[in-house]
Amino acid sequence: MAASRATVVQSLSIALIVFVMLTFVLAVTTYLFVRQKFDAEAAAAAATAQMTEANKARDAAEADKNELKGLLGFRDAQAKPVTEIRTELLEYFQKNGQEAEATSYDLFSKRLLESNEAKDKAVADQKRRSEDLDKELKLARDAAAKREKDLEAQVKKKEDDAAALKQDFDARRQEHEKQSQRLTAEQQKAFDRASKLDLIEQELAKGESDSQPLLSAGRLARYKTQPAEGRIAILYEELRDRERLINRQNQVLADLRVADKALQDTVLAATPQDDRIDGFDGRVLSINEIDRTVLLDMGSTRGLRPGLVLRVYDPGDARPQAGDFKAVVEVVAVESSALARARIRSAGVGNPILSGDRVATSLWSPDGTFEAVIVGFVQIDSDPKQDQDRLQELVERLGGRAEPSVSSTTTMLIDAGLPRSPGGVLERAAGWRATDEARRDKQIKEARRLGIRVVGVDAFLDMMGLDREVLDSNRLPRPAGRPAPVAGENVAY
């Protein structure tokens, strides 16, 4: 009984629970249905509003679609369906290798705008590139023009250089042709001289004849040891000495006005054959046979100049005659306060220059400046014009000076004598006055009173190593320092 009551209670409990649950479910379901109804009504209202908005959007989209169709070129937009337009667009994009959604006109428009922008950008880039290319082209053209101008200038310079080279070549060729002609002429002259050399040597051999001597005994010994050119030089020395002697004798005879032949012979016999040197000026220290020079000890080289001619004498005679020298040397350089270098102008083979030989000249002295007084009618060359200025120039070339009158400092008086014709006869010359003759006599007397040496023009020229032939025919004398001609040469400066 109790068990069945418990069962009943349990069953009632279950039933109550089921009832409560069903009631709750019913309440929830009712609430949900009501809520769903309210939501459906709200949704319907919203849907209606959305539909209205959608219709408006559709109408606007339709209008935009039609406008877009018109913009896209579809003029009959109302008649042509969208599918056909979509198909045409798809075909266009496929044809041009692009993908597009036919249903997305915004995307199409965006892509179209992007395409246009890309094209505009490409056009701008192309324009910019074109401008850059134009600038580069302009720069390239300017550079090319400059290079062309430079090339033209270089070509012009090359042409000018070529013209100058051609002109120089032509000038050199002409000079070479002239020189060739001159050398040919000189060669022919040399052949002619060589062909005459035997005849000259035959004539010179006559000077060795003992039966008819042409030279003095002292010169004859040197004459036999010399070649042809040396023999000619010795002959010239002999002729000059004899000419000076004859002129001096004629001068003495003319001054004495001697008519008695016996008295004339007495005067000639008493006249010395040659002058003697006043003293030696230095000595030979050494001889260089390679360059034909000698080193001289002059004691002092003050005032010594290149170009001065010195005679070399044997030291055995303290005052030898001026014409008995063994060689002639010319100063070429002053090496110290006491030493000088001189080149050998002429020397004998049989009587060579030796160390210890003495040298002398009357044109230089270390004690003072060479001072010369020139008197008489100076006539160096063959024309009748007086040559006073030329003789004075020769004095100045020695480093000396020409003074108008004799004094205690005068070194030498150069007497040119009275005006004479080529035959030696006294004559009245143009420009020669009686006062000039009186001055000559006065200066000669004063020089003799003071013990000053008096020499003629020829003797003075001989001291300088010059001949009248060198100074004749408007040829200038050799300047100091220039090499003088060796014996046997006939060189004009």
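Helices (H or I, at least four residues) and strands (E, at least two) are DSSP runs, numbered from the N terminus. Asp134 sits in helix 3 (residues 105–205). This is a predicted model: local features need pLDDT of at least 70, side-chain atom pairs count only at pLDDT 80 or more, and totals for chains, interfaces and linings use all residues. Residues are numbered from 1 along each chain as its sequence is written, and side-chain values use heavy atoms, with hydrogens and water left out.

**Salt bridges**

- The count comes to 21 salt bridges, each being a side-chain nitrogen of Lys or Arg within 4 Å of a carboxyl oxygen of Asp or Glu.
- Asp160 and Lys156 form one of them (3.0 Å, N to O). They are four residues apart in helix 3, so about one helical turn separates them.
- Asp160 is partly exposed at 39% relative accessibility; the term covers values between buried (under 20% relative accessible area) and exposed (over 50%), with a 1.4 Å probe and protein chains only. Lys156 is also partly exposed, at 45%.
- Asp297 pairs with Arg283 in a salt bridge, the closest N and O atoms being 3.8 Å apart. This pair links distant parts of the chain: Asp297 in strand 2 (residues 293–297) and Arg283 in strand 1 (residues 282–288), 14 residues apart.
- Asp297 is partly exposed at 21%, and Arg283 is partly exposed at 34%.
- Glu335 bridges to Arg341, with the closest N and O atoms 3.2 Å apart. Salt bridges that share partners join Lys166, Asp170 and Arg173 into one network.

**Surface patches**

- Patches are made of residues with over 30% relative accessible area and no salt bridge; like charges are joined within 9 Å, and nonpolar side chains (Val, Leu, Ile, Met, Phe, Trp, Tyr) within 5 Å.
- Glu131, Asp132, Asp134 and Glu136 make up a surface patch of negative charge. Asp134 is partly exposed, at 46% relative accessible area.
- Phe24, Val25, Val28, Tyr31 and Leu32 form a nonpolar surface patch, with about 500 Å² of accessible area together. Accessible areas come from the Shrake-Rupley method with a 1.4 Å probe.
- Tyr31 belongs to helix 1 (residues 2–72).

**Buried sites**

- Helix 9 (residues 457–464) is mostly covered, with seven of its eight residues buried. Among them are Phe460, Leu461 and Asp462.
- Gly465 follows helix 9 and has a positive phi, near 80 degrees.
- Glu371 is in strand 7 (residues 371–375). Glu371 is buried, at 8% relative accessible area.

How values were computed. Lys and Arg count as positive and Asp and Glu as negative; His and the chain ends are not counted. The place of a charge is taken as NZ of Lys, CZ of Arg, CG of Asp or CD of Glu.
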